[in-house]
Amino acid sequence: MAWKRRRSAAAPQYDPAFTDGALSEACQDIAAGRWQGPRDLLAAGPAHDWDRRTHRIRLLANAAADKRVVEAWQASEPHSLDAVVLRADTEVMRMFAVARGGTMPARDLLDHTARICLRACEGAREDPHPWLSLITLARLYEGGHASMGRWWQELRARDPYHREGHHQGLRYMSARWHGSHGQAYNFARDSAAAAPPGSALAVLPQVARAEQFRHRVEAEGRAGLDLLHHWSGDAARWDLRTTMERWLAARTVPAAQDVADLNCLAHGLVHAGMLHEAAHVFGLLDGRATRVPWSYTGDAEEQYVRWRERATAAAVARAPGTR
């Protein structure tokens with residue numbers, strides 16, 4: 001009952017647009033069957049802000065996956081490159097919707113989607129997003145895709161520190177898909193180390209650790225895991241301290257998907273017992289939450305609120321003048 005009483009007063013905010021009001025409105029347009037809002041949104045985006053463009057396209061593609069809005073846009077404006085790029089990502093999201101339904105898409109459907117993505121690559125030559133669409137799609141191929149290495153090179157040639165591209169690359173390398181836990185950690189740590197100070201890629205080791213936990217719990221059950229060592233061993237704490245130093249200490253301008261990355265960092269910190277550091281991250285979040293990765297360790301909302309309260313209490317107790 002105590003939890004239920006606190007829930008309404010301290011409930012976290014779930015906004016998939018991460019406070020991007022224009023993006024929320026464009027998604028509402030798609031829900032209503034209108035394509036003009038997405039067109040105007042993508043046309044007005046800051047030039048070469050690939051991070052924000054990627055966040056917007058992917059959320060729009062998710063919203064459009066069960067509708068024919070993007071097809072209507074293409075029919076009305078056949079020369080629009082934004083429509084071509086969004087159509088490609090929408091087709092990828094449709095393939096993942098099929099997979100979530102319990103049946104992996106047939107190879108010919110995947111190949112058809114890949115051809116749509118490649119046409120977007122040819123049309124929007126400077127844009128890394130069509131290559132991201134291909135890298136995302138590659139996970140659905142049995143055994144992976146032979147062109148993954150080339151697609152990865154093309155993406156990095158356009159944006160070497162592409163946030164979503166590295167997250168998709170990490171998933172591809174994970175044990176859940178086409179690699180192993182070791183390969184995923186190596187990829188995460190190498191990518192984080194190569195990124196410039198202030199880059200959110202520094203959080204990739206925390207993403208790898210959360211995904212390993214999820215995969216092993218599903219495969220082995222919690223009883224088979226050394227939970228304490230997984231979250232708070234020397235390697236885990238070293239990764240967390242490095243992320244704090246290389247990302248947050250040098251972070252100047254918030255990025256489009258910081259809410260997701262900050263939630264992952266806060267999750268890692270609280271489970272490592274680094275509550276004072278977690279309190280700082282919760283302060284940056286200011287109540288903004290994501291379901292993942294909190295849902296990996298219990299009820300997402302309950303986990304977020306409980307750990308936020310514990311981190312805040314720890315920070316207060318440590319403050320100067322506090323008894």
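1. A term first: lining residues are those with an atom within 4 Å of a pocket point. Helices here are DSSP runs, numbered from the N terminus. On that basis, helix 12 gives the most to the lining of the largest pocket, with 7 residues. The model is a predicted one.

2. Size and centre of the largest pocket. Its volume is about 1500 Å³. The lining takes in 46 residues. Nearest the pocket centre lie E164, Q168, R171, V292 and Y296.

3. Who builds that lining? Two or more residues each come from helix 4 (50-64), helix 6 (81-100), helix 10 (163-173), helix 11 (181-194), helix 12 (204-220) and helix 15 (258-271). By class, the lining of the largest pocket holds 22 nonpolar, 12 polar and 12 charged residues.

4. The second largest pocket. About 420 Å³ of space lies in this pocket. It is lined by 24 residues, and D51, G198, S199, A200 and A255 are the closest to its centre.

5. Which helix gives the most to the lining of the second largest pocket? Helix 4 does, with 4 residues. Helix 4 and helix 10 each supply at least two residues here. The lining of the second largest pocket divides into 11 nonpolar, 5 polar and 8 charged residues.

6. Helix packing, helix 6 against helix 7 (residues 107-123). The two axes come within 9 Å and cross at roughly 160 degrees. That crossing angle makes helix 6 roughly antiparallel to helix 7, because angles over 145 degrees count as roughly antiparallel. The crossing is left-handed.

7. The contact between helix 6 and helix 7. From helix 6 come L81, V84, V85, R87, A88, E91, V92 and M95. They meet L109, L110, T113, I116, C117, A120 and G123 of helix 7. By class, this contact has 11 nonpolar, 2 polar and 2 charged residues.

8. Helix packing, helix 10 against helix 12. Here the axes come within 11 Å and cross at roughly 35 degrees. The crossing is right-handed. H166, H167 and L170 of helix 10 make the contact with L204, V207 and A208 of helix 12. Its residues are 4 nonpolar and 2 polar, with no charged ones.

Key:
Residues numbered from 1 in each chain as written. Predicted model: local features only at pLDDT ≥ 70, side-chain atom pairs only at ≥ 80, totals over all residues. Heavy atoms only, no water. 1 Å grid on protein atoms, 1.4 Å probe; cavity = no way out; pocket = protein on both sides within 12 Å on 5 of 7 lines; lining within 4 Å. Points joined across faces, edges and corners; volume = space filled by probe spheres on them. Nonpolar A, V, L, I, M, F, W, Y, C, P; charged D, E, K, R; others polar. Axes fitted to C-alpha atoms, helices over the stretch in contact; angles between N-to-C directions. Parallel < 35°, antiparallel > 145°, perpendicular 65-115°, else oblique. Left-handed = near helix turned anticlockwise from the far one by under 90°. Contact = heavy atoms within 4.5 Å.
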